[in-house]
Amino acid sequence: MTEWLGMPPLAAAHGGQIDSLIGWIHVFMFILFIGWGGFFLYCLIRFRKAANPVADYTGVTSPASKYSEIAVAVIEGILLVGFAIPLWAARVEHVPDANEATIVQVTGEQFAWNIHYAGPDGVFGRTDIKLLDLQSNPLGLDRDDPAAKDDVVTLNQLYLPVNKPVVVRLRSKDVIHSFGVPEMRVKQDAIPGLTIPIWFVPTITTADMRTKLGKPEFQYEIACAQLCGLGHARMRGFVTVQTAEEFKAWLDAQIAEQSAPDPFK
């Protein structure tokens, strides 16, 4: 329904519900536009000076306006109770278990997205603010921690397996950012001092989306949807959705590369 509204192509399992809600909102907006526009034109004609040379201090006595206000309230109630609240509850209260999903920590900073994978052990390594280095260790990951030996950290590059739930734990190092991937129909603020989970299921790999759109250079993009400073416009990240086999091969290669001893130490 929302393709003709200019929405990006859908690539997440829950996106149909989001699109349906947006579609119904626009339908009701159109009905209200026609209704109130027609009422405005009626008032222009009905109460024009030529037809009402003398002021009428009685005013309109018809109950039509009351009924129209009730109808608008009912429609808004349907949108809220029938669509928005159930959809919000499903996304917030039913986060997949860690053994069923890919867990990723995404930390925003001015002006980049730091991606952190726990590795095969499923345990995120210890971080320490004393180890922070914007160039070599932007998350302050303690590589001496046994749990961090297989951790993977990337900058602005989020790799995900297709058709598997993904739980993104959002954080921020400085100001409020907003993690948004339009094709996945997800958007959530990253608040300093909080860890906020969002989840979705990617349904189309990057390669398949490129074929579908006929755009060999297409990439899913992480856009910061919250003004966060002078470099806000360049705060871009990218999501690469792969098959399960491709994702495992990528993760294994990253673990081997990032866990290798530093020759300069």
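## Strand pairing

Strand S2 and strand S3 (residues 152-155) pair in an antiparallel manner over four bridges, where strands are DSSP runs of E with at least two residues, numbered from the N terminus, and pairing requires at least two DSSP bridges between two strands. Within this pairing, Tyr117 stands opposite Val152 in S3. S2 is also joined to strand S1 (residues 102-109), antiparallel to it, by six bridges. A hairpin of two residues connects S1 to S2, and Gly108 has Trp113 of S2 as its bridge partner.

## Basis of the model

This is a predicted model, in which local features need pLDDT of at least 70, side-chain atom pairs count only at pLDDT 80 or more, and totals for chains, interfaces and linings use all residues. Residues are numbered from 1 along each chain as its sequence is written, and side-chain values use heavy atoms, leaving out hydrogens and water.

## Burial of S2

Six of the six residues of S2 (residues 112-117) are buried, so the strand is largely enclosed by the rest of the structure; buried means under 20% relative accessible area, with a 1.4 Å probe and protein chains only. Ala112, Asn114 and His116 lie on one side, and Trp113, Ile115 and Tyr117 on the other.

## Nonpolar core

The largest nonpolar core has 36 residues, of which Tyr117, Leu158, Phe179, Met184 and Tyr220 touch the most other members. Such a core is a set of buried Ala, Val, Leu, Ile, Met, Phe, Trp, Tyr and Cys residues joined through side-chain atoms within 4.5 Å.

Conventions. Buried < 20%, exposed > 50% of the residue type's maximum accessible area, 1.4 Å probe, protein only.
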